[in-house]
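Welcome, and please have your viewer ready. We will go from stop to stop, with something to select at each one.

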Amino acid sequence: MPSRPVIVWFRDDLRLRDHPALAAAVASGRPVVALYVLDEASPGVRPLGAAARWWLDRSLAALAETLAGLGVPLVLRRGPASIVVGAVVEATDAAAVHWNRRYGGPEVAIDRDLKADLRRRGIEAHSFHGNVLFEPPAVRTGSGGSYRVFTAFWRACLAGPAPRSPLPMPTRPTPFAGGGDGDRLIDWGLRPSAPDWSGGLAESWVPGEAGALAGLDRFLDHGLARYGEERDRPDLDGVSRLSPHLRFGEISPFTVWAAVRARVVDTPEAAGSAEKFLSEIGWREFAHHLLFHAPDMASRNLQPRFDALPWRDDPAFLAAWGRGRTGQPLVDAGLRQLWRTGWMHNRVRMVAASFLVKHGLVDWRAGEAWFWDTLVDACPANNPMGWQWVAGTGADAAPFFRIFNPVAQSEKFDPDGAYVRRWVPELAGLPTKALHAPWTAAPGVLAAAGVRLDETYPRPIVEHGFARARALAAFERTARSP
Ligand code: FAD
């Protein structure tokens, strides 16, 4: 039995099932060192936001527990990844390092340099395909370029070989005695304190692989068949809520894909729902494709013609938006759901983001940063893609002249007002029609529900017709200017 260990470097893949890097390490017969590095120091790496740090804390605790069940301790280290991994290699006299690939610019550079350095030192370095179904460099247009349009991208993906079957959880890794000293998770301070605002997050989520698998099962049994119909309804439990689990790799897209494909769908409606759901997984793939080819997409318009947009610097607008005090009930409900639970329904993300960017003419990067800090699923690929899609500055984005009317969206997608009532309780007593637009309600209706405009709930921070015309003028002028 070879005694020099192999290090499995866990990153955004905090799971044991379908973990190719771990599976190969175990298959090598070498003892396994499990390592996680909190890297906030390498050049260009974007530090996690507060809600994602909370999630990471819980997820690492869950991973450590599952690994401990197999007799393998999780070694925690902090610092620039290439230095830290190199140090652990030395401390353990490791023969090899394994990891699953990632696709952000700084991360690709770290991994490439580390691989070269390890190989120079005679240490094996193996990277694996585990975190997206279709790796960005492998999906090419006919002329060898990258895709900018989702439908063409997804068609190309589906035309290739089908995603492989997920790998089982390894049963018997050989633990390594002397994996080196690690940090204590608690000392990383990932959990908020003074004040601890994470109560709503803890009520809403079970981070970790077991929580991810339970979430998938629940969705397959209760959500998938009606996904096509209900996915746009924030008042219903119609979506999977797998996003933070996928973000941290507690479940692999291969596992999700295979589980959906294995479901017997016995009606055309259910079959359509399954395809729709898989195409949303496809949007996640597309986001990673875009990020790989435009590593700075969180800071730069994918369409440079919009670089001259006359954004307004309006901290009061941004603050009212972030706190859910815009006077538009659906927007406010979304921002409050986000603040409390670290997640917002996709339909409401679109309406809320549009309100900031179009109604407020506030730079999409300010909203992206707020989501980055508050979402438990804050993703370096999906988040900037979502914001640029809404702003109209992105690849395959909504056309810039699409401006969501928050009242119409509320009436259509929260028809009984249950979502708004839940998250904006000071409006709960209003009849549904008035709930979507309280400033239009008769004084008697407001009084009967205990609503006093500008006291218990604000009037709209900006008038829809005015804001729409202002945004259209600004976007049109910029789009047309040479
Ligand atoms: P489901 O509808 O059940 O979809 C299943 C999975 O498919 C999701 O978990 C997600 O991984 C993927 N997915 C679904 N919709 C999209 C989409 N539009 N784009 C990319 N992937 C998608 N998603 C994130 O994971 N992280 C983010 O930081 C993020 N920021 C966003 C910001 C804005 C402004 C917008 C409009 C969307 C953003 N999204 C983001 C995409 C989407 O809103 C979420 O993925 C979805 O709401 C998560 O809920 P779910 O897991 O129940 O999704």
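Let's begin with the charged pairs: counting a side-chain nitrogen of Lys or Arg within 4 Å of a carboxyl oxygen of Asp or Glu, the total comes to 35 salt bridges. Keep in mind as you look around that this is a predicted model.

For one of these pairs, select D237 and R218, whose closest N and O atoms are 3.3 Å apart in a salt bridge. D237 sits in the loop between α8 (227–230) and α9, while R218 belongs to helix α7 (residues 209–222), so this pair ties together parts that are 19 residues apart in sequence.

**The ligand**

Now select the ligand and display its surroundings. How many residues surround the ligand? There are 28 of them, and the closest are Y227, S240, R241, N346 and D377. Colour this shell by class and you will find 17 nonpolar, 6 polar and 5 charged residues. Next, highlight four helices: α9 (243–247), α11 (268–293), α14 (346–359) and α16 (382–391) each contribute at least two residues to the shell.

Zoom in on the backbone here. At L242, a backbone N or O atom lies 3.0 Å from an oxygen atom of the ligand. Move on to S243, where a polar backbone atom is likewise 3.0 Å from a ligand oxygen. Then pick R284: one of its polar backbone atoms is 3.5 Å from a nitrogen atom of the ligand. How much of the ligand does the protein bury? Taken alone, the ligand exposes 820 Å², and 95% of that is buried by the protein.

To see one bridge pair, show N100 together with its partner in β5, F128.

D93 is not a glycine, yet its phi is positive, at about 55 degrees.

For the last stop, select A194 and P195. Is the peptide bond between them cis or trans? It is cis, with omega at about 0 degrees. You will find P195 in the loop between β6 (174–175) and α6 (199–204).

How values were computed. Residues numbered from 1 in each chain as written. Predicted model: local features only at pLDDT ≥ 70, side-chain atom pairs only at ≥ 80, totals over all residues. Heavy atoms only, no water. Near = heavy atom within 4 Å. Polar contact = N/O pair within 3.5 Å; in protein donor to acceptor, adjacent residues only side chain to side chain. Areas by Shrake-Rupley, 256 points an atom, 1.4 Å probe, with all protein chains shown as cover. Nonpolar A, V, L, I, M, F, W, Y, C, P; charged D, E, K, R; others polar. Pairing = 2+ DSSP bridges.
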